[in-house]
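Here's a quick tour of a structure with two chains to look at.

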Amino acid sequence: MITYLLCFILFLVGLYGVITRRNLIKIAISLSIMEVSTFLFFALIGYIEGGRAPIVNPAEPNQVYVDPLPQALVLTAIVIGLATTSLLMAVIIRIYRKYKTFDIREIRNLRG
Amino acid sequence: MNPVIPILVIVPLACAFLSMALGRFVRDLPKYFTAVVMLFLLIASFYSLINIGTGLSLYKVGGWEPVNKIPIGIYMVLDGYSAIMLCIISTIGFLSAVYSISYINRYTGEKYYYALFCLMVAGMNGVVLSGDLFNIFVFLEISVISSYALVAFGVEKNELEASFKYQVLGGIASFLILFGIGFIYWKTKTLNIADIKEAFKTGYDKTFYVFVQLLILSGFGLKAAIMPFHAWLPDAHSSAPSPISAMLSGVFIKAVGIYVIIRLFFNMFVISEEVAILITSLGTLSMVIGVFLAIGQWDIKRLLAYHSISQMGYVILAVGTGMILISRGQNRDIAALAITGGLFHLINHAAFKGLLFLNAGAIEYRLGTRNLKEMGGLSARMPVTSATSFIASMSISGLPPFNGFFSKLIIVIACVKARFYLLAVLAVIVSIVTLASFLKLQRYAFYNKAPDKENHNIKEVASPMLFSMITLGILCFLLSLLAFPSLRESILQPAVDILMDTDTYGLKIIGM
């Protein structure tokens, strides 16, 4: 249970970073932390006590295997996460070229 | 196995790839190719709407048949509800693609624009058709990532800032959704929506269940810009190129937000009264606050974006009312009426909000400004834009004989019949405030005297843009025909039946 709790704390750390940081890059890093905590959660729910990697060996019918589906989901989600992170970074670089700053307090044209 | 289902997703994906690959050699190819592909999707989705009737049809990806009545592959499901959504996506998508032919030549990198456009459509079609929770997430991310890029397509200060905000909030929403999916998989050991429904029916831990529902609601609520999560919408929708604004406001927030919320809360979760009341109050909140935020706006596209929040509030209010009635187990007829009103308003909103954003785009194309105070006197110079904008404005404000009137009328009647008098009164008041706000838009943009700046060389926009606007204007009239009982029963009723069918929906899909 403690691992699940730590995973949730990691999520909250990321959320805290997104809300409080002022630097665009640090916001992107905090988002990545949230992302990783979600992946970790998926890896945890697939784990079965004493389980082995899910490569079925017919010689050992009583072997317990971990659930392979969450691993497949995490792989998919990592690819998606790569796309979102790289797009976010590309936009941050463009923002830096236009505004000459990473400080989010100075990037506020849009209001109301 | 229905072969139309995968085609609806594969064709736009292939089009995205091909416009990138072939656009290097033939410069003008992507724009016409995209329009043709969207026309094909339009025909395919209307074909499936007519064909599906009240039935259900499945496509098992990779041909994985269920083992011992337990589905193991990815299912794609087409039913009346998703067919309606498909038609909305492809109609607005086709008209936006045609509109883009002459609009997008202001930007560089046209082929990237069309590739992203097709990816967005492919993602939305996938979300609408998918019967598997994780598959919904994957297609959602495909369409959301391309919409991030499209919002930033102008790469000026405002566009980049809007896109950054949108990406951060959208990222948080995605992780909330992913967490929710993880929790559901943890408890039920399945990702198939129909199978999860059966697992939830057998009994569940109440705290866990409410927690998961809140995670899913806040995740998709962020995508749909329901009230407490609306902050990104006005920025993103006003900064995108106008055809994309029309897509985002007219289709995107519905397909990846409202559609999924309705689908999951009716067909996957067992409806509980507390959550139904929460959804209804969130809808009422967005309906009321959205319109009051819209009143003070002078940027024409921001004004329209705030109205999107408000009009989505109507849909959620109507559907939430239906949920409350179903969960109390009383009077399913009134519940069906409320849901019909919600879905009808969903369709209508796509038509008139798409049209309004295309009008705003036409004005911006000719004047180069979005500020209402700098416009004026355009009704003589741009007669078609002015006329269609008038139709759309009256339609969104709910004046007869336009489509908005009938859907709002059905929603108000359902609220009164359900004895939620406060909601009915609020719906009418918001409609009046909407009318005031759009009279302001009409007056300042089209009828006031032009400001001192000379507007003599302003003329009507090019014919592809006119074609899209006129078609949507005609649709604003035609869609009001859906209020007639015979048409309503053949088009809206199957969708409502699918949603109301909370008991046997899962069994039907597993049994196929």
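Let's begin with a pair of helices in chain B: the axes of H12(B) (residues 300–328) and H13(B) (residues 332–367) come within 8 Å and cross at roughly 170°. Angles over 145 degrees count as roughly antiparallel, so H12(B) is roughly antiparallel to H13(B). Sorted by class, the residues in this contact are 17 nonpolar, 8 polar and 3 charged. Keep in mind that this is a predicted model.

**How the two chains meet**

- Where chain B touches chain A, 27 residues of chain B are in contact with 27 residues of chain A.
- On the chain B side, the elements that give two or more residues are helix H5 (133–151) and helix H6 (157–188) of chain B.
- Which of them gives the most to that side of chain B? That's H6(B), with 17 residues.
- By class, the side of chain B that touches chain A has 17 nonpolar, 6 polar and 4 charged residues.

**Chain A, the overall picture**

- Chain A has 3 helices and 0 strands, and reading along its sequence gives the pattern α-α-α.
- How does the radius of gyration of chain A compare with that of a compact globule of 112 residues? The globule would come out near 13 Å, but chain A has 20 Å.
- Along its principal axes, the C-alpha trace of chain A spans about 65 × 25 × 20 Å.
- If you take the contacts in chain A between residues at least 6 apart in sequence, 49% of them join residues at least 24 apart.

**Chain B, the overall picture**

- Chain B comes to 20 helices and 2 strands.
- For 512 residues, a compact globule would have a radius of gyration near 24 Å, and the 22 Å of chain B agrees with that.
- The C-alpha trace of chain B spans about 75 × 60 × 45 Å along its principal axes.
- Buried residues make up 60% of the 512 residues in chain B.
- Among contacts in chain B with a separation of 6 or more, 81% are between residues 24 or more positions apart.

**A closer look at helix H8 of chain B**

- H8(B) covers residues 206–224, which is 19 residues, and runs 26 Å from its first C-alpha to its last, close to the 27 Å expected at 1.5 Å a residue.
- Which residues of H8(B) are buried? They are B:Val212, B:Gln213, B:Leu215, B:Ile216, B:Leu217, B:Gly219, B:Phe220, B:Gly221, B:Leu222, B:Lys223 and B:Ala224.
- The cover over these buried residues of H8(B) includes H6, helix H10 (242–267), helix H11 (273–295) and H12 of chain B.
- Just after H8(B), you'll find B:Ala225 with a positive phi of about 60°.

- Some background first: most residues other than glycine have a negative phi, and most peptide bonds are trans.
- A:Lys100 has a positive phi near 60° and isn't a glycine.
- You'll find A:Lys100 in the segment after helix H3 (68–99) of chain A.
- Is A:Lys100 buried or exposed? With 8 other C-beta atoms within 10 Å, A:Lys100 is exposed, because the cut-off for exposed is 12 or fewer.
- B:Arg419 isn't a glycine either, yet its phi is positive at about 65°.
- B:Arg419 sits in the loop between H16 and helix H17 (421–447) of chain B.
- B:Arg419 has 10 other C-beta atoms within 10 Å, so B:Arg419 counts as exposed.
- Which kind of peptide bond joins B:Pro400 and B:Pro401? That bond is cis, with omega about 5°.
- To find B:Pro401, go to the loop between helix H15 (383–396) and helix H16 (403–417) of chain B.

- A:Tyr16 lies in helix H1 (residues 2–20) of chain A.
- A:Tyr16 has 13 C-beta neighbours inside 10 Å, so A:Tyr16 counts as partly exposed.
- A:Tyr16 and A:Ala83 are 67 residues apart along the chain, and their C-alpha atoms are separated by 23 Å.

How values were computed:
Residues are numbered from 1 along each chain as its sequence is written. Chains are lettered from A and ligands numbered from 1 in the order in which they are written. This is a predicted model: local features need pLDDT of at least 70, side-chain atom pairs count only at pLDDT 80 or more; totals for chains, interfaces and linings use all residues. Axes are lines fitted to C-alpha atoms, for helices over the stretch in contact, and angles run from 0 to 180 degrees between N-to-C directions. Helices (H or I, at least four residues) and strands (E, at least two) are DSSP runs, numbered from the N terminus. Angles under 35 degrees count as roughly parallel, over 145 as roughly antiparallel, 65 to 115 as roughly perpendicular and the rest as oblique. Ala, Val, Leu, Ile, Met, Phe, Trp, Tyr, Cys and Pro count as nonpolar, Asp, Glu, Lys and Arg as charged, and the others, Gly among them, as polar. Two residues are in contact if their C-beta atoms, placed from the backbone, lie within 7 Å. The radius of gyration is taken over C-alpha atoms; the globule rule is 2.2 Å times the number of residues to the power 0.38. The expected span of a helix is 1.5 Å times one less than its number of residues. A residue is buried if 20 or more other C-beta atoms lie within 10 Å of its own, exposed if 12 or fewer, and partly exposed in between; C-beta atoms are placed from the backbone.
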